[in-house]
Amino acid sequence: SGVEGGCVASRQFGMAHIAGAVMGSRRHGGYRGSLFSPAKALHGDDDGPPKCMVALFALAGVGLLFTGVTYGYDSFWNPRSLAIRPYNKAVDTWNGGERQYLQESEFYFRAYSPRAVTVTVPAVTCKKGDTECTPVPAHEETTYKEVEPTDAYADTVPWLPFAGVVKNDSLAHDQINTDLKDYTPLHYEAHGMLPAQVPGEWDDVNNEWTGPAYKFQIRAVYKGTESILALQSAVIFKDQPVGANAKMCRLHHGNNFHSGRCWERLAFQGACLQLAFADGKWSSPTWTGPDGHLKTQLGCIGNTAITTRPACPGSAFQRMNWKNTECNFTLTNATIRSHADPYLQAGVMTGGKYSFGYTPHEMWVQGMIMIGIGAFLMIPVIPTVCIFCSRRRASYNSKMRDDAWLNVNAANSRAQSGQSVSSSRSASPAQGAPASKYRDVAPEGQLVGEYDEESGGPQESARLREQGTYSRR
């Protein structure tokens, strides 16, 4: 118990000592300012700002200065003017007649598959005493059959019209449109592609949607010329694999983990179809692939017109609860755009960013702002570095050997004036070596303190002090 009491007392004394040191440093101005640390030498003045803060200011300042100079240099070249040339050409094509073709056309859609069929289920009777049998009365059930476009039933499904939408599809918010040509936009939209509740449910065993896939047709009419186009089949729900481990899957994907990997559940949102006008009718645009074969462009972006999202249609949430598959599918919509639409062309030219870069004036202004901020951050760095170098130089000079004591004339002058050469600058004989080897040899006629105190004794030392020729080395 005595040892424990001593340890406790020692710890209490240590804590009190630390607290006193902290209070003393605060009392003597150790915490002056917010930019500088309470760095204080044990026997000196404040050492200035901490090295870490100076280094951070230097890195940020140099980085901003370099970036600002780069922006200022690039402002003389104007790469934006080269990027917007094909866009302005697409606007001229749109204004030259492509928009007129779209405005004079009519568009319709219909979901012709699946077909709801009502069937009668016969009654199930059980024998008396059969405990494993469950009687079921006769009833009717609705089943869904897949329909082909050539079936007679497809012709009975009514066409629903699209409505024209004049909506300004602006580019990225940071774009200045002074050098971009203006146009009047136009595309068509249709809402309510599906009923509110679709048949089917999610099978947790096979991890798939048990309901039928929906098939759509688009009808385009231009001055009596009709075109029928088919879209891909739309699956209401589907799982798509994502690159996430078990932890990330639990945090960001609702722990939808099965079959040894993470999945994200996607819900059908609608369709976006682009059409090209040629030879007086509308058709899907074609392009030549890398393999040289002709391919069809169906969607507005990419080769699929069906759009999906990890949320219910019309939902503002980024992700849905994958265990809940109840959504209002009347909020699904279809969109038709012309292949010559400048908005689509801008997406292709910019890789979906819808930004052609900064103008020269914007780059110049941003470069000057970066240079100004970088120079401001370098303000505390430059004097700190100068002060550090000055202190290093002064410390180095103070530690250098002063070789003036090796000059015989200077030593003789100090001896005659009563000054003595500092013993810290004198040479000392090696152990066992005669002291006479370390005596100065002066030219003839000059006095010099060549006396060795060890061999002469105190009396001779006093005599030489009276003559003014004594120097202790």
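## A walk through the model

Buried residues, meaning those under 20% relative accessible area (1.4 Å probe, protein chains only), make up 32% of the 473 residues in the protein. You're looking at a predicted model, where local features need pLDDT of at least 70, side-chain atom pairs count only at pLDDT 80 or more, and totals for chains, interfaces and linings use all residues. Residues are numbered from 1 along each chain as its sequence is written, and side-chain values use heavy atoms, leaving out hydrogens and water.

**Stop 1: the whole chain.** Switch to cartoon view and you'll have 12 helices and 18 strands to explore. These are DSSP runs numbered from the N terminus: helices are H or I with at least four residues, strands are E with at least two.

**Stop 2: the core.** Select Phe107 and Phe162, the residues with the most contacts inside the largest nonpolar core, which has 48 residues. A nonpolar core is a set of buried Ala, Val, Leu, Ile, Met, Phe, Trp, Tyr and Cys residues joined through side-chain atoms within 4.5 Å. Elements that each supply at least two residues of this core include helix 4 (85–103), strand 1 (105–113) and strand 13 (261–278). Strand 13 gives the most, with 6 residues.

Now zoom in on Phe162. Contact means heavy atoms within 4.5 Å, and, not counting residues up to four places away in sequence, the residues that Phe162 touches include Phe107, Tyr188, Ile218 and Ile336.

**Stop 3: two helices.** Select 51–74 (helix 2) and 360–378 (helix 8): their axes come within 7 Å and cross at roughly 160°. Axes here are lines fitted to C-alpha atoms, for helices over the stretch in contact, and angles run from 0 to 180 degrees between N-to-C directions. Angles over 145 degrees count as roughly antiparallel, so helix 2 and helix 8 are roughly antiparallel to each other.

Stop 4: Most residues other than glycine have a negative phi, and most peptide bonds are trans. Select Ser113 and Pro114: the peptide bond from Ser113 to Pro114 is cis, with omega near 10°. Pro114 sits in the loop between strand 1 and strand 2 (115–121).

Next, pick Asn78, in the loop between helix 2 and helix 3 (80–83). Its phi is near 60°, a positive value in a residue other than glycine.

Last, go to Asp279, in the loop between strand 13 and strand 14 (281–283). Is Asp279 buried or exposed? At 81% relative accessibility, Asp279 counts as exposed, which takes over 50%. Asp279 also has a positive phi, about 60°, although it is not a glycine.

Conventions
Angles under 35 degrees count as roughly parallel, over 145 as roughly antiparallel, 65 to 115 as roughly perpendicular and the rest as oblique.
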